[in-house]
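Subject: Structure handover

Hi,

Here is the structure you asked about. Please open it next to this email and follow along.

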Amino acid sequence: MLVVAGSGLLPWRGGGGHAAAATLRGLAVTAEQQPAQTPPPGSYTYGWSRASLVEQGGELTPDATWWFRTSATRELWLAADGSGRIVTTYGASSPLTPADREAWRAAGSPALHPQAPETYDFGAEESPVPDLAALPTDRDELARVIEARGIVDAPAGDLGTFDVIGELLSLPGAPPELRAALFEVAAALPGVEDRGVVDDPLGRTGRALTLRDDAGSTTLVFDLGSSELLAALHDRAIGAATETSWDAYDPDVVVNGLRRPA
């Protein structure tokens with residue numbers, strides 16, 4: 001599991017602030033040209049992601065809270081009717097600072113995450129994945145739905161909207177027209193920076209777009225050739241330091257049954 005410090009990106013190799021809208025609109029055109037991915041009966045769209053997360057522990061224990069970093073992988077199988085399976089496997093976890101380690105030990109050194117993989121099977125009526133096919137593809141209408149935070153929860157403001165866009169673009173099976181509309185919504189956000197070509201946390205090359213506010217920043221890294229989201233990085237202040245959580249995504253594939261791709 002790759003753990004990164006700072007932004008998790010290698011040094012910038014070009015880019016500029018005013019170019020962000022043009023880049024996002026170009027990604028919208030590319031997204032709309034991609035084939036739709038609808039799994040036939042008995043099949044699933046399969047998505048795989050790897051993460052390096054900063055989380056808080058012990059928040060239910062008075063005077064004993066701590067922050068820790070953990071690694072994880074998530075596999076998602078999603079059928080056309082919205083049913084599916086999520087398997088989350090946690091890797092190594094460790095407190096962020098000596099003070100966090102001391103608070104964790106004072107609480108009895110509890111396990112930070114389960115050692116065994118967690119499997120969650122869900123039906124169409126209880127799906128944790130938004131019904132992407134039901135979302136509007138008109139840019140302004142979609143922006144209003146996102147800003148209402150009815151589909152994915154996030155803080156108010158443009159940074160929260162950018163986070164929701166990244167979350168929706170990471171989900172398997174999004175229709176091409178919806179993905180194009182999501183890029184158009186992002187292109188209308190003020191303050192998005194085009195950071196040029198970077199290497200993502202897994203060493204893959206993509207185009208990075210960043211939005212910042214007083215709460216921190218979010219960077220989304222895209223493959224310009226396919227418009228696929230490669231990674232999402234979130235810089236947030238924790239105490240006196242800025243810590244980065246990230247998720248990196250593999251391209252979606254259609255599989256027969258609840259199995260991993262060959």
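This is a predicted model: local features need pLDDT of at least 70, side-chain atom pairs count only at pLDDT 80 or more; totals for chains, interfaces and linings use all residues.

Residues are numbered from 1 along each chain as its sequence is written, and side-chain values use heavy atoms, with hydrogens and water left out.

The largest pocket has a volume of about 750 Å³. (On a 1 Å grid over the protein atoms alone, a pocket is an open set of points with protein on both sides within 12 Å along at least five of seven lines; a cavity is a set where a 1.4 Å probe fits but cannot get out; lining residues have an atom within 4 Å of a point. A volume is the space filled by probe spheres set on the points, which are joined across faces, edges and corners.) The pocket lining has 30 residues, and L53, E167, H234, S245 and D247 lie nearest the centre. Strand β1 gives the most, with 6 residues. (Strands are DSSP E runs of at least two residues, helices H or I runs of at least four, numbered from the N terminus.) By class, the pocket lining has 14 nonpolar, 7 polar and 9 charged residues. (Ala, Val, Leu, Ile, Met, Phe, Trp, Tyr, Cys and Pro count as nonpolar; Asp, Glu, Lys and Arg as charged; the others, Gly among them, as polar.)

Cavity. A search of the whole structure finds 1 cavity of 30 Å³ or more. The largest cavity has a volume of about 80 Å³. Its lining includes W48, R74, Y249 and D252. β1 gives the most here too, with 3 residues.

Helix pair. The axes of α1 (residues 20–32) and α5 (residues 176–187) come within 8 Å and cross at roughly 175 degrees. (Axes are lines fitted to C-alpha atoms, for helices over the stretch in contact; angles run from 0 to 180 degrees between N-to-C directions.) That makes α1 roughly antiparallel to α5 (over 145 degrees). Their contact has 10 nonpolar, no polar and 5 charged residues.

One residue. F122 lies in strand β4 (residues 118–122). F122 is buried, at 5% relative accessible area (buried is under 20%, with a 1.4 Å probe and protein chains only).

Best wishes

Note on methods. Buried means under 20% relative accessible area, exposed over 50%, partly exposed in between (1.4 Å probe, protein chains only). Angles under 35 degrees count as roughly parallel, over 145 as roughly antiparallel, 65 to 115 as roughly perpendicular and the rest as oblique.
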